[in-house]
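Here is a short briefing to read alongside the model.

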Amino acid sequence: MERQVRVEVLKEIPVLDHGFVKLVDFMGGDMAVVQAARVSFGKGVTEPERDRKLLEFLLANRHETPFEHALFKFHIKCPIFVARQWFRHRIASYNEISGRYATMKEEFCLPEALRTQKAKNYKYETMVEPDNSQLKEKISLFYQKAYELYQELLEKGVAREHARIVLPLSLYTQFYWTINSRAMMNFLSLRLDDHAQGEIRQYAEAIGGIFAEYMPWTSSAFNRFVVLGEKWAD
Ligand SMILES: Cc1cc2nc3c(=O)[nH]c(=O)nc-3n(C[C@H](O)[C@H](O)[C@H](O)COP(=O)(O)OP(=O)(O)OC[C@H]3O[C@@H](n4cnc5c(N)ncnc54)[C@H](O)[C@@H]3O)c2cc1C
């Protein structure tokens with residue numbers, strides 16, 4: 001029998017200049033959370049109103065293990081400097097493209113507007129023109145030179161694992177990321193926050209949108225009880 005792996009893109013959101021968030025698989029959902037919680041009583045789902053109330057109770061009172069039964073599998077493309085922050089989130093599974101086995105593409109992240117070091121409460125200012133355009137032009141030339149050198153090293157027989165050392169952190173990488181909804185809420189609470197770097201925040205916003213679409217009850221309870229800090233009222 002022919003063996004096949006089905007990779008269906010359920011949702012795709014472009015992020016930054018060359019990146020994306022693609023949802024490629026999903027398991028469970030709000031009802032899987034309810035069902036996992038009710039197994040304690042040997043019961044399953046009941047009426048929608050009671051089910052939703054139970055789910056909200058769980059999240060508001062930090063009974064979070066039932067949320068581990070809903071899983072999202074993403075294909076992510078982001079710059080390496082974003083991936084370095086992303087990979088700190090240990091409660092997830094990762095598989096990344098290898099610069100040892102694949103030739104890296106000429107795709108670098110160039111922010112639309114450079115931020116200045118001046119910031120108040122993590123709200124950064126934007127570099128004024130014409131400095132912004134002039135510096136971006138220089139960065140762009142640097143990327144071009146770096147990639148030319150990468151190609152030259154490869155052509156001269158240098159191994160991919162060594163040639164890649166000339167490529168900057170702005171280079172795009174790709175990885176699969178499988179995460180349960182509990183760990184995803186932890187990711188979102190940290191990376192949607194104002195303290196997070198703007199670039200990873202854009203990815204978090206895309207993921208937050210997919211979360212809201214696929215787990216509307218959990219996403220709305222997350223906003224109320226985690227993001228806004230609402231207290232549970234009996
Ligand atoms: C704005 C911002 C700035 C940051 N700056 C820095 C920085 O300057 N330097 C730096 O090194 N990191 C920095 N980080 C990364 C940060 O310290 C965390 O590594 C990252 O946010 C992942 O969070 P996490 O551990 O909660 O997630 P996960 O690794 O996904 O873990 C999820 C949860 O599982 C539990 N857990 C996982 N592993 C353990 C463990 N070993 N022991 C006990 N409990 C565990 C914890 O409850 C944890 O919250 C920054 C993060 C943010 C959001």
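Two residues are in contact here if their C-beta atoms, placed from the backbone, lie within 7 Å. The model is predicted. On that contact basis, and leaving out residues up to four places away in sequence, Val21 touches Ile13, Val15, Phe74, Ile76, Tyr203, Ala206 and Ile207.

**Nonpolar core**
- In soluble globular proteins, nonpolar side chains tend to be buried together.
- The largest nonpolar core in this model holds 39 residues.
- Val21 is among the residues with the most contacts inside that core, along with Leu55, Cys78, Met184, Leu188, Tyr203 and Ile207.
- Helix H7, residues 198-214, gives the most to this core: seven residues.

- Strand S1 covers residues 11-15, and strand S2 covers residues 19-27.
- The two strands run antiparallel and are joined by five bridges.
- Pro14 stands opposite Phe20 in S2.
- Three residues lie between the strands of this hairpin.
- Leu16 sits in the loop between S1 and S2.

**Ligand shell**
- Arg88, His89, Arg90 and Ile91 are among the residues around the ligand.
- Ala183, Asn186, Leu190, His195 and Ala196 are also around the ligand.
- By class, the shell divides into four nonpolar, three polar and two charged residues.

- Most residues other than glycine have a negative phi, and most peptide bonds are trans.
- Leu16 has a positive phi, near 55°, and is not a glycine.
- Arg62 is found in the loop between helix H2 (48-60) and strand S3 (71-79).
- Arg62 counts as exposed because it has 9 other C-beta atoms within 10 Å, and the exposed class takes in counts of 12 or fewer.
- A cis peptide bond joins Glu129 and Pro130, with omega about 5°.
- Pro130 lies in the loop between strand S6 (123-126) and helix H4 (131-155).

Key
Residues are numbered from 1 along each chain as its sequence is written. This is a predicted model: local features need pLDDT of at least 70, side-chain atom pairs count only at pLDDT 80 or more; totals for chains, interfaces and linings use all residues. Two strands pair if DSSP finds at least two bridges between them. Helices (H or I, at least four residues) and strands (E, at least two) are DSSP runs, numbered from the N terminus. A residue is near a molecule or strand if its C-beta atom, placed from the backbone, lies within 6 Å of it. Ala, Val, Leu, Ile, Met, Phe, Trp, Tyr, Cys and Pro count as nonpolar, Asp, Glu, Lys and Arg as charged, and the others, Gly among them, as polar. A nonpolar core is a set of buried Ala, Val, Leu, Ile, Met, Phe, Trp, Tyr and Cys residues joined through C-beta atoms within 7 Å. A residue is buried if 20 or more other C-beta atoms lie within 10 Å of its own, exposed if 12 or fewer, and partly exposed in between; C-beta atoms are placed from the backbone.
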